[in-house]
Amino acid sequence: MKNVAQDLLTRKRAVNTERSNKIPMEDTYVPFLPGTDESPLVGVSDYRDRPLYRSTSGCWRSALFVVVLEVASGFAFYGVQANLIMFLTGPLGHSNAAAAMAVNAWVGTASILPLLGAFVADSWLGRYPSIILAFTLYVLGYGMMTLASVLPVQGINGSSSHPCSLQVALFYTSLYLIALAQGADYPCALAFAAGQFDTNDPREHAARSSFFNWWYFCLAVGTTMALGGVGYIQESFGLAIGYGMLCTTVLCAAIVFLIGTSTYRLYTPTSGASNPVTLLARSIVSWLVKETRQEEEAAAIAKEVEEAHSMLHLLSIWAACLSYGMVFAQIMTLFNKQGHTLDRHIIDALELSSAALLLFGPATIVVFIPFYDRVLVPLLRSMTANPSGLTLLQCLGSGIAMPLAAVSTVALVESRRLKVAREHGLLDVAGAAVPMSWMWLLPQHVMMATASVFAEVGMQEFFYDQMPHEQRSLGLALYYSVLGIGNFISVFLISLIDRITRSAGGDSWFADNLNRAQLDYFYCLLAGLNAVGFALFLRRASSYAYNNNNNNINNNNNKMLC
């Protein structure tokens, strides 16, 4: 009895010590929510390290504050990107190839930097402070961009059509400041919002799967407003008004995010957790040197070897997704320039801007996601017995396959456009509108938008779900890096092909006069590369074993991919 009593006393002291480490001395430990029998959630606290309860924190009530923030950031980012290539080829005087490479490089950098942001957040700073840092940089970046757009109006260098070096420097500095802000924001905000759902609770776990769909839906709404509204304001009232509006929008959204602070679930870091780079490096080294270890040491490194296999398999899926990123990179650049050459009249007195044609992509997403989440998923659920309708890899694989059809369609449309230009004697008339309706471009935008729902929602949930909790920002950074590296691959291909085709003495595939260019050849090349990527995905996905226990159904259905 004495030993039992001593053991109980030791346990009680340990519990009290743990509580005293987590709760400030001036606070009184509250085991239940006052007036209820609800106990506090385990492993989470609020921003003041106080206990939280399921009924008053997290889930949709908290996630929606983050959604508002991200809708504003997407609205601002695409508000800049929509007309960026036209601004670069117009006032800044870049060639088509140079402007496309500049846009791809900026978008690529903005999509690669989340890897750095995720590492800093998961290893040191934390997700909540990273989001606050990001929006401080956003406001600074869009403020500088507004200033840069004002400078030519003030008559610097005597002409607003030839911007001075200060304007160019400010403009590019602001662009990459925004990219840096996105690096801190994108992986942390989505991981932070998804972390407001407790996967140990059945209702919240189901809500989290739906959350990824509606997250992408809200971003599409923001993108639609940006492409439809910001472009019009910039063209009608000037760049300064347009960029100033973007700066004001992100500032207001940051205030909304801060209002929700008291409801956010902040997770207690797991003791002894390694940062993602150290974990990956150690696991891979253990795997490589496994054969040189003594037999009695082999068992000690078995777990690290298993982690290395899992991570390398995950990275092989990531590599297969790059083919999607390459095609997606063309939407805001070459698709935009292609639309600029067509007849964009709806009626004689109303003409669409080339940026407005990009609206059909996010508009398709806005229509398709509710149909997918409320109609298609329940139908698939009844057929597959999977709560999400499709496994993560089936969803992702669908998104990788669809761009193959989309980019093949683009090649056919561009071939027809060149034929019409030739028939009407417009090959050497740069800037002339080809007598071909803008509606020919609708299929490619609709198909790419539908593909993005499957591919990007699939990547978000897959890379988030398959990483340990402490490294889920890194998992989402892998998703964003697909888009970033896809842009850089596009930069490399355009630069290489432009150099080769020019050196032969003929017109470049990306000639400034698009009626002399051969974009259809480039689209055929992208279709071939996408087919290779999809084949790699099928090979790797068919043998992939999901890491989390929640995905037993996914493991059983993997063979259905092929």
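Author: This is a predicted model. Start with Arg374. This residue is exposed, with a relative accessible area of 58%. Its side chain meets that of Asp373 in a salt bridge (3.6 Å, N to O). Now look at the partner. Asp373 has 8% relative accessibility, so Asp373 counts as buried. The cut-offs explain the two words: buried means under 20%, and exposed means over 50%.

The structure holds 8 salt bridges. Here are some others.

Go to Arg417. This residue forms a salt bridge with Glu414, and the closest N and O atoms are 2.9 Å apart. Both residues sit in helix α15, which covers residues 392-423. They are 3 residues apart there, so about one helical turn separates them. Both Arg417 and Glu414 are buried.

Next comes Arg54. Its side chain and that of Glu204 meet in a salt bridge (3.2 Å, N to O). Arg54 lies in the loop between β1 (44-45) and α2, while Glu204 lies in helix α7. The pair therefore ties together parts that are 150 residues apart in sequence. Arg54 has 28% relative accessibility and counts as partly exposed. Glu204 has 5% and counts as buried. Arg54, Asp198, Glu204 and Arg265 are linked in a network of salt bridges.

Stay with helix α7 for a moment. Phe237 has its place in this helix. Phe237 is exposed, with a relative accessible area of 56%. Together with Tyr232 and Ile241, Phe237 forms a nonpolar patch on the surface. The accessible area of the three together is about 370 Å².

Now turn to the space inside. The largest cavity has a volume of about 620 Å³. Its lining has 36 residues, and Tyr78, Tyr216, Thr223, Phe328 and Glu456 lie nearest its centre. Helix α7 (202-237) is one of the elements that give two or more residues to this lining, and α14 (360-384) is another. By class, the lining has 22 nonpolar, 12 polar and 2 charged residues.

Notes
Residues numbered from 1 in each chain as written. Predicted model: local features only at pLDDT ≥ 70, side-chain atom pairs only at ≥ 80, totals over all residues. Heavy atoms only, no water. 1 Å grid on protein atoms, 1.4 Å probe; cavity = no way out; pocket = protein on both sides within 12 Å on 5 of 7 lines; lining within 4 Å. Points joined across faces, edges and corners; volume = space filled by probe spheres on them. Helix = DSSP H or I, 4+ residues; strand = E, 2+ residues; numbered from the N terminus. Nonpolar A, V, L, I, M, F, W, Y, C, P; charged D, E, K, R; others polar. Patch = residues over 30% accessible without salt bridge, like charges linked within 9 Å, V, L, I, M, F, W, Y side chains within 5 Å. Areas by Shrake-Rupley, 256 points an atom, 1.4 Å probe, with all protein chains shown as cover. Salt bridge = Lys/Arg side-chain N within 4 Å of Asp/Glu carboxyl O. Buried < 20%, exposed > 50% of the residue type's maximum accessible area, 1.4 Å probe, protein only.
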